[in-house]
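User: I'd like to learn how to read a protein model, feature by feature. Can you walk me through one?

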Amino acid sequence: MMTSVDAELIRVLADPLRLRIVTLLAHETLCTTHLVEETGARQTNLSNHLRVLREAGIVETEPCGRFTYYKLRPDVIASLAGQFADLAETARATAESDLRRSCP
């Protein structure tokens, strides 16, 4: 059975600032102002990264007055973690069976 990991989510999370945003949102729901304070990024740059995270389905928005709060979708992170766990299990089984293809 071929095990694969969602390459698009990996690409999105590979950016250091986006990974920092996700880490912060794992601890609490934050608005853009909080994220600017925590990361030191410019608001425009941060908004672009939040858009990418939103479009990838990693975060969701919650309007609150004139502010927009961002919340991490833990199910997406759990799914990605599960994909990596499956990949690790496949690698473990392959290592134990010493499965290899012969060269032509």
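User: Let's start with Cys31: is Cys31 buried or exposed?

Analyst: Keep in mind that this is a predicted model. A residue counts as buried when its relative accessible area is under 20%. Cys31 has 4%, so Cys31 is buried. Compare Cys103, which is exposed at 72%.

User: How many disulfides does the structure hold?

Analyst: The general idea comes first: a disulfide is a covalent bond that joins the sulfur atoms of two cysteines. Here, the structure holds zero disulfides. Take Cys31: the nearest cysteine sulfur belongs to Cys64 and is 9.0 Å away. A disulfide needs the two sulfurs within 2.5 Å, so Cys31 is in no disulfide.

User: Now the strands. Which residue in β3 is the bridge partner of Cys31?

Analyst: To read a sheet, look at which strands pair, in what sense, and over how many bridges. Strand β1 (residues 30–31) pairs with strand β3 (residues 67–72) in the antiparallel sense, over two bridges. Within that pairing, Cys31 has Tyr69 as its bridge partner in β3. β3 also pairs with β2, again antiparallel, over six bridges.

User: What is the phi of Gly65 in the hairpin of β2 and β3?

Analyst: Gly65 takes a positive phi near 65 degrees, in a hairpin that has two residues between its strands.

User: How do I read contacts? Which residues does Thr61 touch, leaving aside its neighbours within four places in sequence?

Analyst: Thr61, in strand β2 (residues 59–64), is in contact with Arg54, Thr68, Tyr69 and Tyr70. Thr61 is partly exposed, at 38% relative accessibility. Distance along the chain is another thing to check: Thr61 and Thr29 are 32 residues apart in sequence, yet their C-alpha atoms are 9.5 Å apart.

User: And Thr32, is that one buried or exposed?

Analyst: Thr32 is buried, with a relative accessible area of 15%. Thr32 sits in helix α3 (residues 32–39). Beyond its sequence neighbours, Thr32 is in contact with Gln43, Leu46, Ser47, Leu50, Thr68 and Tyr70.

User: Last one: which residues form a nonpolar patch on the surface?

Analyst: For a patch, look for nonpolar side chains grouped together at the surface. Here they are Ile10, Phe84 and Leu87, with about 230 Å² of accessible area together. One of them, Phe84, lies in helix α5 (residues 74–97). Phe84 has a relative accessible area of 39%, so Phe84 counts as partly exposed.

Conventions:
Residues are numbered from 1 along each chain as its sequence is written. This is a predicted model: local features need pLDDT of at least 70, side-chain atom pairs count only at pLDDT 80 or more; totals for chains, interfaces and linings use all residues. Side-chain values use heavy atoms; hydrogens and water are left out. Patches are made of residues with over 30% relative accessible area and no salt bridge: like charges are joined within 9 Å, nonpolar side chains (Val, Leu, Ile, Met, Phe, Trp, Tyr) within 5 Å. Accessible areas come from the Shrake-Rupley method with a 1.4 Å probe; for residues, only the protein chains shown count as cover. A salt bridge is a side-chain nitrogen of Lys or Arg within 4 Å of a carboxyl oxygen of Asp or Glu. Helices (H or I, at least four residues) and strands (E, at least two) are DSSP runs, numbered from the N terminus. Buried means under 20% relative accessible area, exposed over 50%, partly exposed in between (1.4 Å probe, protein chains only). Contact means heavy atoms within 4.5 Å. Two strands pair if DSSP finds at least two bridges between them.
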